[in-house]
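Please look over the model shown here before reading the points. They are meant for someone new to it.

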Amino acid sequence: MTAPTRFACETARQRTLKVGGLALHALEWGEPGRPALGFLHGGSAHAHWFDAVVPALGARYHVISLDQRGHGRSQWAPRPAYATEDFASDLVGVMDALGWRRMTVIGHSMGGHNAMAFAAWHPERVERLVVIDSRPAIPAERLQTMHRRGDRGPMRHETLESAIRSFRLLPRETVADPRLLAHLAREGITERDGRFLYRFDPACNGRRRPTDAWVLLDRITAPTLLVRGEHSPILPREMAADMLARLRHARLVEIPGTYHHLVLDAPLAFAKVLEEFLSEPTPSV
């Protein structure tokens, strides 16, 4: 399934929420009072990562796609502060600012990791949890690589075209529609001091402090959907099975023919899986 010709951001309301001293940007669809959905992108990404997923949802839900701190149009943390606890605290503030008592939190990669921790630390705020190709802990060697990459600082380009051409997913494997990838590249670039660079604080990598969410999984009480890409190297089947064994109310869905960035590879297939999960009755505890 391919992405639509038009993207959800074209009909979104732009929101800036003041949370914990930071200005956090979000894309918003739907009306207050409807069931709340909060989308969280992965590391080095931004709110537009779900632009091909949201069109199927805006008519029945109140939806936000958040630029997490240091990403997209949200403010960079001045300290810098990029621990899982910081991202989770932001979600509490965002929900309070929107008047949301509970929400379904949907996170991809880093966003999935933050969503797992949030659901464990604040179970009373989570209606349902969707974890998209995300693992509970980052291997030490991979975290060291992230720190080194972040310490190099931002890459600055002479032209917008050069910046767009340099855009790459990480991991790189994808079957996403090239139009969607071009859209993400354009939305992820800004101009500063005559140079073009990604809307991303390098310290998000250089000072990243992820928690070990393995020890949190049995504290998650919300119905949980794990989604993995069939060919993803990030969430192997064996690890997904281990996660299922530790979660109270969880099931796994695999999207055929996709890689780690499955919300880009097959956005309509993912949206269908998500809608089915959201329409299921809540299991008795």
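The points below cover one threonine, then aromatic rings and charges.

1. This is a predicted model, in which local features need pLDDT of at least 70, side-chain atom pairs count only at pLDDT 80 or more, and totals for chains, interfaces and linings use all residues. Residues are numbered from 1 along each chain as its sequence is written, and side-chain values use heavy atoms, with hydrogens and water left out.

2. T84 belongs to helix α1, residues 84-98 (helices are DSSP runs of H or I, at least four residues, numbered from the N terminus). With a relative accessible area of 2%, T84 is buried (under 20% relative accessible area, 1.4 Å probe, protein chains only).

3. Beyond its neighbours within four places in sequence, T84 is in contact with H113, N114, A117, W121, R209, P210 and T211 (contact means heavy atoms within 4.5 Å). For T211, the side chain of T84 reaches the backbone nitrogen at 2.9 Å.

4. Three aromatic pairs are found in the whole structure (ring centres of Phe, Tyr or Trp, the last by its six-membered ring, within 6.5 Å). The ring centres of Y82 and F87 are 6.2 Å apart with planes at 35°, so this pair is tilted (stacked is under 30 degrees, edge-to-face over 60, tilted the rest). Y82 is buried at 1% relative accessible area, and F87 is buried at 3%.

5. The charged end of R192 sits over the ring of W76, 4.5 Å from its centre (NZ of Lys or CZ of Arg within 6 Å of the ring centre and within 35 degrees of the ring normal). R128 lies over the face of F277, 5.2 Å from the ring centre.

Methods
Helix = DSSP H or I, 4+ residues; strand = E, 2+ residues; numbered from the N terminus. Buried < 20%, exposed > 50% of the residue type's maximum accessible area, 1.4 Å probe, protein only. Polar contact = N/O pair within 3.5 Å; in protein donor to acceptor, adjacent residues only side chain to side chain.
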